[in-house]
Amino acid sequence: MADILLPEATDLEGLQLIKIGGTTSTESFWRHHGWSIRQPVADKVVDSRDMTDIATELAERVGLLKEYNAAINRGAGGMALTGEGFDYALDPEVPHACEEIWDRVCKAASHDLSGGSEVHDLAWFSENGYMLAPQPELAWFLYPTVKERGVRFELPYQERIKRHGTQLAHRLHEIGVTWWDQQLEEYQPLPPYKQFPDIWINYAREVGRDPDEFPLWALTARSMQYSWGANVGIPLINEVAKNVAGHSGIILNRATARVLGIAEGDAIVLESVSGTTQGNAVLREGIRPDTVLMIGQFDHWATPVAKDLELGSLNSLTAMALSLTDATGSGADIARVKVCKAQNGASKRTGTDRR
Amino acid sequence: MTRWGMVIDLNRCVGCQTCVAACKHENATPPGVQWRTVLDVELGTFPDVQRLFMVTGCQHCEEPSCVPVCPTGATKRRFDGIVTMDYDRCIGCAACVVACPYQARDIVHERESYYRGKRTAPEIAAAHDERLGVANKCNFCVDRLDAGLAAGLTPGVDLAATPACAASCIASAIHFGDYADEQSNVSRMITDNQNFQVHEELGTDPQIRYLYDLPTTPGRDSELSDAEAVAAPLAGKQQTYWDYKGAINFVCGGLASGFAVMAFLLEANRPKTSLSILFLVAAVIMAVGLVSLLFKIGRPTRALLAALQPGTSWMSRELWVAATFSPLVALGLVLPDLWVHDALGVVAALFLICQARILYASKGIPAWRAPLIPWMLVMTGLFEGIALYAIVELVAPKLAAGSPMLLLLGIALAITNAILWHRYRVSAADRGIGQAARSAIAKITPWLHLVCHALPIALFGVALFVSIDNARILAGVGSVAVIAGGAGWKFWVILRAGHQQGFALPKMPQRGSGGYAAPPRLKVA
């Protein structure tokens with residue numbers, strides 16, 4: 001049944017060369033860096049396709065094959081296929097099989113890692129699993145690289161930010177865009193503290209509501225077990241995740257719950273100015289009395305297992321509003337809410353149904 | 001000599017549950033069964049709150065309370081200290097489950113799937129049907145360990161020979177090694193660091209030791225409040241392994257054996273034939289209890305294997321005694337004048353003692369391991385025996401002869417049982433019985449004293465001064481109350497006060513918020 005998009009091979013069925021360690025934008029305190037292979041270790045359960053083949057076919061069908069191959073040659077697969085002393089570039093004019101693409105990446109990566117003394121193909125990585133090279137401790141940190149390349153230290157005065165803001169303001173105003181002016185004010189070289197809570201408190205007034213209606217802060221947190229949601233469809237992970245408080249509901253301060261007449265496990269409703277979400281109360285002491293916390297955002301999932309978690313989600317509470325959007329075009333994962341027991345006594349999602 | 005064990009560093013565990021997932025993967029445990037688990041422990045009140053993650057599982061005790069209670073020998077302690085399970089030998093009686101003070105054992109009766117009843121290909125491939133209906137628990141990945149040793153690897157050092165939980169720990173919080181080797185990783189860790197064993201006071205000498213201090217930061221004494229000690233996840237839950245069918249065995253067994261003992265004592269001067277019939281009644285009641293038990297165990301077809309460990313298991317001994325009692329009853333019916341009745345009296349007493357010791361041997365249930373429990377079971381059995389004798393006298397006067405002695409003995413046993421229950425209740429906290437179980441015990445106390453003690457004392461007392469016919473009626477009514485009360489408290493203690501031993505944290509790492517944010521010596525005045 002596999003056509004183009006779905007189903008995609010799972011992690012255990014697919015092929016990919018993955019970078020190990022290395023300090024570039026983040027620091028990694030490892031004594032080695034290199035490459036490791038993720039390769040099929042299980043037969044495909046259904047007629048699925050590797051993501052690489054899916055991407056290649058999509059590129060070909062929409063007429064972007066040349067650009068697609070060029071991107072891979074530039075390093076879209078994690079390693080540029082051409083570099084100092086090596087050229088394993090793909091022919092940009094024709095589609096390439098998944099194995100061919102990763103074979104080139106393997107050769108380029110091993111060449112780069114060894115300075116050309118060891119060049120290994122996909123078969124070698126499949127057999128050996130990984131290839132490492134020593135990483136000096138100095139390379140653990142960004143500082144030596146910044147120093148070596150003569151990159152200017154801007155902190156604490158970030159003149160670049162100010163400059164970019166000014167340039168952006170000019171461009172926007174030239175075309176008559178003024179609705180970003182509030183955000184443009186945030187391009188400051190030395191930003192002062194502002195009353196951040198007021199941004200969300202005042203938003204209730206903006207939409208004609210009384211801020212006192214929403215006395216609590218709703219926050220969200222990532223789940224180590226669900227790994228950004230990647231594991232959320234695996235019931236075994238769901239089982240072990242429940243060993244950690246909050247994976248079966250919405251965390252609420254015990255004293256606050258007492259005031260609201262909420263007991264452990266009660267179905268509760270969180271309501272913000274823009275939506276509602278539901279879950280079962282998980283009472284804890286290690287959370288501020290004015291705060292509720294939802295782990296992950298899973299109420300919009302439509303895939304098996306995940307769609308039945310019945311956990312509350314901040315996604316259903318946050319508003320898409322310019323006044324809550326910062327200069328990066330994003331905003332904090334936060335909302336003002338009121339909390340009460342669910343009338344129907346059962347945990348259900350009643351927010352916008354996006355399933 | 002080798003002694004495998006673990007060190008858990010409470011300061012290092014981040015609660016990621018990788019060890020739990022690794023264990024489930026390595027051992028293909030079914031949904032809900034976690035041989036290795038990690039508790040999310042929160043103590044205190046906002047803003048003074050401590051939180052830590054506590055890795056638990058089978059402690060592979062030096063003196064495991066699960067081993068001697070096993071009636072089949074399925075649970076053993078290996079030469080290297082690992083407590084293992086022989087699934088093909090286990091009958092699923094759950095004696096080991098209720099004997100474990102670390103909530104380390106499970107019994108799963110049905111094939112289960114993570115995917116709503118439909119088993120996936122991997123689940124079918126990794127199925128362990130031999131584990132259905134029998135006890136299962138952590139075995140320190142013994143197959144992995146043995147294979148590693150055979151390949152010349154060092155468990156605890158070489159990951160391929162190390163239990164999956166320790167090998168997978170992302171924070172180096174779980175360490176596995178040989179405590180018998182003074183230079184091993186685990187030996188050096190407990191030499192160089194403060195550590196504790198969970199429930200050291202129970203004498204099991206668990207081989208998982210917990211580190212709680214840091215070189216710069218000592219640990220602190222635990223300050224668990226009563227509320228915290230009874231709150232999840234530290235508190236033990238009501239056990240569900242011995243259900244009403246298991247309780248019926250204690251009810252019927254106590255009643256039958258107590259009746260046989262009392263009939264033997266009270267019928268000393270009566271025709272032997274009537275005593276033979278009374279013993280037959282006892283045997284039937286005893287059989288009802290044992291058959292009920294047969295429906296409870298996970299592998300009833302293997303029930304006879306329960307006779308294999310009479311050297312250590314009171315359950316085995318009970319089976320042997322029961323197997324002796326019934327043929328002797330039959331023999332007594334045929335040859336009532338022989339020594340058989342004397343033997344039956346002794347065997348019945350032994351049966352009563354076996355039952356008392358079975359419950360007492362359940363070290364994982366504080367309300368059952370209380371020292372008064374065996375005395376309570378024996379005295380209740382005798383009391384019930386007198387009661388049943390009085391009922392027989394009421395309905396079949398030819399079989400049993402009442403006497404003031406019976407009534408006086410009944411009053412004495414009522415007083416004795418009342419005192420024993422009172423002492424049991426008031427000493428519960430000191431005996432480590434948790435709040436939930438104590439509440440259950442307190443809840444039944446007034447009813448028990450009223451129905452099983454006060455009412456029989458009153459009725460038996462009045463019966464001493466009325467005509468023989470009225471005395472039989474009064475004694476009969478009082479006896480029904482005695483038997484109902486005896487059955488009631490046994491059911492109650494097993495099904496309502498049978499909370500598993502909770503987890504203890506005698507020492508805590510320095511961590512938390514508010515007043516726990518820093519050790520006292522670092523606090524700013």
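**Chain B helix 1 and its surroundings**

Biologist: Which elements do the buried residues of helix 1 of chain B pack against?
Modeller: A residue is buried if 20 or more other C-beta atoms lie within 10 Å of its own, exposed if 12 or fewer, and partly exposed in between, with C-beta atoms placed from the backbone. Two residues are in contact if such C-beta atoms lie within 7 Å; helices (H or I, at least four residues) and strands (E, at least two) are DSSP runs numbered from the N terminus. The buried residues of helix 1 of chain B pack against strand 2 (36-45), strand 3 (48-57), helix 6 (164-168) and strand 8 (174-178) of chain B, together with helix 9 (235-241) of chain A.

Biologist: Which pLDDT do side-chain atom pairs need in order to count?
Modeller: Residues are numbered from 1 along each chain as its sequence is written, while chains are lettered from A and ligands numbered from 1 in the order in which they are written. This is a predicted model: totals for chains, interfaces and linings use all residues, local features need pLDDT of at least 70, and side-chain atom pairs count only at pLDDT 80 or more.

Biologist: How many of the ten residues of helix 1 of chain B are buried?
Modeller: The buried residues are B:Thr18, B:Cys19, B:Val20, B:Ala21, B:Ala22, B:Cys23, B:Lys24 and B:Asn27. The residue that follows helix 1, B:Ala28, has a positive phi near 50°. Helix 1 (residues 18-27) of chain B is largely enclosed by the rest of the structure, because its buried residues number eight.

Biologist: How do the residues of the side of chain B that touches chain A divide?
Modeller: In this interface, 21 residues of chain B are in contact with 18 residues of chain A. Helix 1, strand 2 and strand 3 of chain B each give two or more residues to that side, and strand 2 gives the most, with six. Ala, Val, Leu, Ile, Met, Phe, Trp, Tyr, Cys and Pro count as nonpolar, Asp, Glu, Lys and Arg as charged, and the others, Gly among them, as polar. The division on the chain B side is ten nonpolar, seven polar and four charged.

Biologist: Which helix gives the largest share of the side of domain 1 of chain B that touches domain 2 of chain B?
Modeller: An automatic or database domain assignment sets the bounds, and chain B is divided into domain 1 (4-237) and domain 2 (244-495). Contacts link 27 residues of domain 1 with 21 residues of domain 2. On the domain 1 side, helix 2 (66-69), helix 3 (95-99) and helix 8 (226-229) of chain B give two or more residues. The largest share, three residues, comes from helix 3 of chain B.

Biologist: How far apart are the axes of helix 14 and helix 17 of chain B?
Modeller: Axes are lines fitted to C-alpha atoms, for helices over the stretch in contact, and angles run from 0 to 180 degrees between N-to-C directions. Helix 14 (residues 372-395) and helix 17 (residues 468-495) of chain B pack at an angle of about 145°. The distance between their axes is 8 Å.

Biologist: Which residue of strand 5 of chain A is the bridge partner of A:Ser36?
Modeller: Strand 2 (residues 32-38) and strand 5 of chain A pair in the antiparallel sense over five bridges. In strand 5, the bridge partner of A:Ser36 is A:Tyr130.

Biologist: What separates the C-alpha atoms of B:Glu200 and B:Pro506?
Modeller: B:Glu200 is found in the loop between strand 9 (195-196) and strand 10 (208-211) of chain B. B:Glu200 is partly exposed, with 13 other C-beta atoms within 10 Å. B:Glu200 and B:Pro506 are 306 residues apart along the chain, and their C-alpha atoms are separated by 9.7 Å.

Terms used
Pairing = 2+ DSSP bridges.
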